Amino acid sequence: KHKFWETQPVGQFKDVGDSSLPEGPIEPPTPLSEVKQEPYNLPSQYEWTTCDMDSEETCTEVYNLLKNNYVEDDENMFRFNYSKEFLRWALRPPGYYTSWHIGVRAKASKKLVAFITGVPARIRVLDEVVKMAEINFLCVHKKLRSKRLAPVMIKEVTRRVHLENIWQAAYTAGVVLPTPITTCQYWHRSLNPKKLIDVGFSRLGARMTMSRTIKLYKLPDSPATPGFRKMELCDVPAVTRLLRNYLGQFAVAPDFDENDVEHWLLPTEDVVDSYLVESPEIHEITDFCSFYTLPSSILGNQTYSTLKAAYSYYNVSTKTPLLQLMNDALIVAKQKDFDVFNALDVMQNETFLKELKFGPGDGQLHYYLYNYRLRKALKSSELGLVLL
Ligand code: NHW
Ligand code: EN5
């Protein structure tokens with residue numbers, strides 16, 4: 001069934017539930033001198049390219065490949081449209097390797113036809129912190145699908161990760177592969193219900209009119225929590241402490257230091273937004289919430305071309321109830337003109353989703369580890385990792 005994935009060091013379907021197998025790396029590292037020194041072979045019309053995201057020209061090529069060929073929903077109504085600024089942010093975290101930003105070009109025209117990326121991360125799995133690559137943005141041009149290009153790209157990124165002496169990876173996908181560590185549900189909170197209905201993202205509920213629906217999703221004009229404000233550079237140490245302490249409770253979560261928090265959570269316009277609660281009396285930072293900006297192209301609508309979506313990222317509550325904190329996140333997202341606020345049922349998100357009028361979507365997200373076995377699949381609420 002999975003001619004490629006059967007050959008890879010990942011949990012296999014036949015082993016699901018076999019608790020005699022050891023937890024941890026599936027195969028040991030090999031000496032670096034034994035890692036293949038040359039790139040894998042591509043079909044002869046194509047060549048490898050390393051994509052320098054500093055170059056405006058290359059960044060535009062990557063942007064256009066993804067805008068036209070990346071992930072769609074199951075009815076092909078929407079397609080992710082990551083912005084150039086977002087791609088630069090996602091691909092250049094602390095310690096990134098340009099060699100992990102891999103493209104494929106047609107030799108004749110030099111057109112970019114495929115892409116895959118890795119970025120380095122320290123991910124804690126149970127009580128062990130593991131150096132990993134986070135793999136994302138795997139994309140093959142629509143005209144080159146089903147030619148087994150994806151396995152070659154995955155083997156090539158694996159080789160380049162190995163050359164940096166890293167032997168594990170984390171990735172997500174909307175499709176089922178061998179074998180998920182957990183499966184998450186997407187939830188959606190309408191901010192602009194009229195537009196969402198007009199473009200077919202959501203439907204008018206039974207016994208609902210448009211005006212009742214608009215009223216149902218109305219939000220206040222400003223956040224309710226005293227001391228709620230945008231995160232600033234000077235907050236990085238306090239936010240890092242808050243987040244590290246919070247993420248410690250989950251089975252799989254990133255091991256963020258201050259450099260990571262500055263990169264991944266300091267607000268960047270139209271990319272990532274972060275807010276915190278500073279208690280007015282004692283100037284202590286007690287709560288934190290964040291979301292990233294990922295619009296989708298609306299395929300074939302006369303009136304609208306983009307859906308502006310916010311995606312829940314990392315949230316921590318120690319004093320403000322999580323429900324109230326996330327309601328404030330919805331309020332600021334609405335003020336910033338987002339059409340919808342999306343979230344997965346990870347971490348403690350189930351405690352606010354229904355009450356804040358999120359509804360389950362038709363999509364799921366499966367999480368995977370490469371070359372690391374977990375004896376038991378996790379509940380989505382045991383997962384403390386959000387990939388972009
Ligand atoms: S998930 C988003 C993936 N991208 C898209 O869905 C965009 C639209 N689709 C496409 O561009 C986030 C193509 O359909 C793609 C497949 C390129 C997806 N992950 O070339 P063939 C990520 O980026 C397997 C992994 O003929 P294609 C995470 C499939 O099961 N494998 O197909 C990426 C089959 O293998 P099998 C996937 O449709 C994580 C083989 O590819 C997959 O022309 C990557 C077919 O290849 C997916 N999303 O191209 C893994 N989709 O064994 C990283 C299909 O079943 C692993 N396949 O026969 C770790 C590496 C680093 C390790 C470091 C130590
Ligand atoms: C991750 N880095 O399917 C890369 N999205 O539910 C891989 N559905 O938006 C990710 N089909 O349910 C791949 N509206 C997995 C995600 C692929 C994209 C995807 C789903 C997630 C989605 C929408 C639109 C469906 C359009 C028809 C959806 C219902 C919203 C409704 C609002 C009101 C309350 C009930 C729910």
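Predicted model: local features only at pLDDT ≥ 70, side-chain atom pairs only at ≥ 80, totals over all residues.
## Around ligand 2

In the counts that follow, Ala, Val, Leu, Ile, Met, Phe, Trp, Tyr, Cys and Pro are taken as nonpolar, Asp, Glu, Lys and Arg as charged, and the others, Gly among them, as polar. The shell around ligand 2 has nine polar, eight nonpolar and four charged residues. These make up a shell of 21 residues, with Gly-174, Tyr-186, Gly-359, Gly-361 and Gly-363 the closest.

Strand E17 gives the most, with five residues. Ligand 2 lies between domain 1 (5–174) and domain 2 (183–382), because both domains give residues to the shell around it.

## Around ligand 1

Turning to ligand 1, you will find 35 residues around it, and His-2, Phe-4, Leu-138, Ala-150 and Ala-169 come nearest. Strand E5 (128–140), helix H3 (149–162) and strand E6 are the elements that give two or more residues here. By class, the shell around ligand 1 holds 23 nonpolar, eight polar and four charged residues.

## Where H6 meets H7

Helices H6 (residues 236–247) and H7 (residues 258–265) pack with their axes 9 Å apart, at an angle of about 100°. Angles of 65 to 115 degrees count as roughly perpendicular, which means that H6 is roughly perpendicular to H7.

On the H6 side, the contact is made by Val-236, Pro-237, Val-239, Thr-240 and Leu-243, while H7 brings Glu-258, Val-261, Glu-262 and Leu-265. Six residues of this contact are nonpolar, one is polar and two are charged.

Definitions and conventions
Residues numbered from 1 in each chain as written. Chains lettered and ligands numbered in written order. Axes fitted to C-alpha atoms, helices over the stretch in contact; angles between N-to-C directions. Helix = DSSP H or I, 4+ residues; strand = E, 2+ residues; numbered from the N terminus. Parallel < 35°, antiparallel > 145°, perpendicular 65-115°, else oblique. Contact = placed C-beta atoms within 7 Å. Near = placed C-beta within 6 Å. Domains from an automatic or database assignment.
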